[in-house]
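Biologist: Could you walk me through this one? I'd like to ask about the chain contact first and then a few spots inside one chain.

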Amino acid sequence: MFTELNSILNTSPESFTPGEFILLSDRQSDASFLIHHFLSFYLKARCKVCFVALVQSFSHYHAVSQRLGVSLTQAKEKGQLIFLEGLKESLSVFLPQEENAGHQAMSFLRDPAAGLRSLYEFVQSSVVESSGGGGASAEQWGPPVLLMDDVSVLLSLGVRVGAVLDFSHYCRTTVCSQLQGNVVMLVRCDGEAEEDDADDEGSEQLMRGLTHQSCLTLHVQGLPTGYCRDIHGQVEFCWKKRQSDGQHAPKKVFQFKVHDKGVSFFARGTSRAVL
Amino acid sequence: MAAPVKSMDKPPAEFSPLNFTSFQKKSRTKSLSIPGTRPSVQNGQLLVSSGVTSLDYLLGGGLAVGTVLLIEEDRYDSFSRMIFKYFLAEGVVCRHELFVAAAQDDPDDILQELPAPILDDVAIHRPGEQPRMSCEPQDTLDAMKIAWRYQNLPKVQSALASSSRFGHYYDVSKTMEPEIRQAAKWHRFYHPEHPPLSSGTHSPKLESYSALLKSLRDVIQREGFDLTAPLPKSRNILRVGLHSLGSALWGDDLCCYNNPKNVHALTSFLYGLRALLRTSLSVAVVTVPSHLIQDRALMGSITRLCDNAIALESFKGSERETNPLYKDYHGLLHVRQVPRLNCLASHLPDHKDLAFKLKRKQFTIERLHLPPDLSETVSRVSKGELAGAATAAAACSSATSSAKHLDF
């Protein structure tokens, strides 16, 4: 959890807006540090977290979270975190072996064109059981949160853009509207900005669709002036219109640098390297 | 200098950054037991050498175990093939096990072409010393007579190298001796030997890739590289080399059409490969003929499913070959992606302007720099005029005429 980012977003683990759909996107840069932020943020906020990790292993997230002061194994044991390791589960679908049938959630890989129904059912079961029954469990957790890293990898696995958008809409309805929880998704775009036009059926279209659904977008991109060792890129924060005060929050742009244990954000042109 | 006193009487040749302090990080003994590996300075990740010292430096010390290095081939696949063979040769010398898969050449032939290691060099080499460049005259370090001020400055080294030694050097003009080669344990996958099974259960996947993934999984499980299985007595590293994935010889049509039928075959395979490697003691190098793939977005998603990605752009056959700016190099090297594994901040290279060249015996990656301009004519005149204009603007009007003769 990066405190600087919390102050930019005007939120804290004690008080955050429920019912939001937050989209993280990147282009020619890497926004995965934001996933780490939101993972530790919601674990510290005592939410029930369902994390669908598609591109990295559990040990990776565990190692990074430990540096950020959160233990994923403990959270898992306490029942706060439900972790779906997409890489591991996919292997049992790609290379079926007799003894294990594999996790149901990743069974969409057998026929990706059919849609993500199995994955949605997994998400639904894991968030609903937390808020509904489960009175026998020792601790009560806050509103449910769904985190997904790199949704665009689903496209590489053969899922259609429409199916991913349907999936995200279902998740939004269940988690944000019905249960007043939050959804955070990461989508990654390829190279060159908007130069190729409408025929691009892929991550570009997915990002546009998800941006339309989201309440808050954090868009990470490389510096327009090129590669720099001391500034890793810039983040654009876009809020959609809020119902409460009825006014547009301004768009903010910050540059950032990722360190070993955190990220520093600064206004454009005020990096320590150039001042 | 913060060096302890007792280390001052050592000969300066043995100085290395490691000797400056007596404080040593406690390292886990478990990870050190495999020959040819070392833990990363940054995140404790287990690293192996890629066989090219300068490439190791570029990748932050080496290839992390459990990751995939993607090499985008140059147009004639000559230099990417060389890195591929370096990677395998390093495995043979370190006694790692190999898994070689190819569709074009027989893996046996690839193994016979491995470069010869320069093994006597290893014995002489001291850890603190910079790797010796073959073109560098070694005995010119006499006391300077005129420019004595510059005598103590370190030599400019454009080749990328780290201070400590990791990996071996190879002589690409010779091939490896058969007895060294035969000592290595290796597994092969030659695509023409695996006829398609016509099962058609996985729609987005190709039979060739499924068979390859299955064969790799079998090797990993049988030979005890699987980390989820109980520990065998001794651990070793499996080096996986997959040559020219995505080419038409694998039965893939990525390179043939604008809208290929099997768009997701290669990406699904790479996803499965990543899943397989993350739970095993293995490291992979994959080459892809990216210049044949029309769809840049597809190439982007292929890159993102690998961990490291570099692209080679050879000057061979392009007009850059005759450009005097590039006369020292054989091509440009682009770093497309750096791995982000078990840490928040990844290792970033100092520059992205890199070039590679093949010397008589050795392949190196260097910072791209322009050759010194030794001609008397073109550029100097313009610089002189520029300087003159600048001084005139600064109202030193009396000096403008004489400033024309100066270079600064």
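This is a predicted model: local features need pLDDT of at least 70, side-chain atom pairs count only at pLDDT 80 or more; totals for chains, interfaces and linings use all residues.

Modeller: Residues are numbered from 1 along each chain as its sequence is written, chains are lettered from A and ligands numbered from 1 in the order in which they are written, and side-chain values use heavy atoms, with hydrogens and water left out.

Biologist: How much area do chain A and chain B bury between them?

Modeller: Buried area here is the accessible area (1.4 Å probe) that two parts lose on being put together, summed over both. Of that area, 58% is on carbon and sulfur atoms. The total for chain A and chain B comes to about 3,400 Å².

Biologist: Which three residues supply 19% of the area that chain A buries against chain B?

Modeller: Contact means heavy atoms within 4.5 Å, and on that basis 44 residues come from chain A and 37 residues from chain B. The trio supplying that 19%, more than any other three residues, is Phe94(A), Leu95(A) and Tyr227(A).

Biologist: Which side chains meet in a salt bridge?

Modeller: The rule wants a side-chain nitrogen of Lys or Arg within 4 Å of a carboxyl oxygen of Asp or Glu. Across the interface of chain A and chain B it finds one. At 2.6 Å, N to O, the pair is Asp30(A) and Arg340(B).

Biologist: Is Gln213(A) buried or exposed?

Modeller: Gln213(A) sits in helix H9 (residues 203-213) of chain A; helices are DSSP runs (H or I, at least four residues), strands likewise (E, at least two), numbered from the N terminus. Leaving out residues up to four places away in sequence, Gln213(A) touches Phe21(A), Leu165(A), Ser168(A), His169(A), Arg172(A) and Lys240(A). Buried means under 20% relative accessible area, exposed over 50%, partly exposed in between (1.4 Å probe, protein chains only). Because its relative accessibility is 11%, Gln213(A) counts as buried.

Biologist: What covers the buried residues of H3(A)?

Modeller: Those buried residues are Phe58(A), His60(A), Tyr61(A), His62(A), Val64(A) and Ser65(A). Their cover includes H2, strand E2 (48-53), helix H4 (72-78), strand E3 (81-85) and strand E4 (144-149) of chain A.
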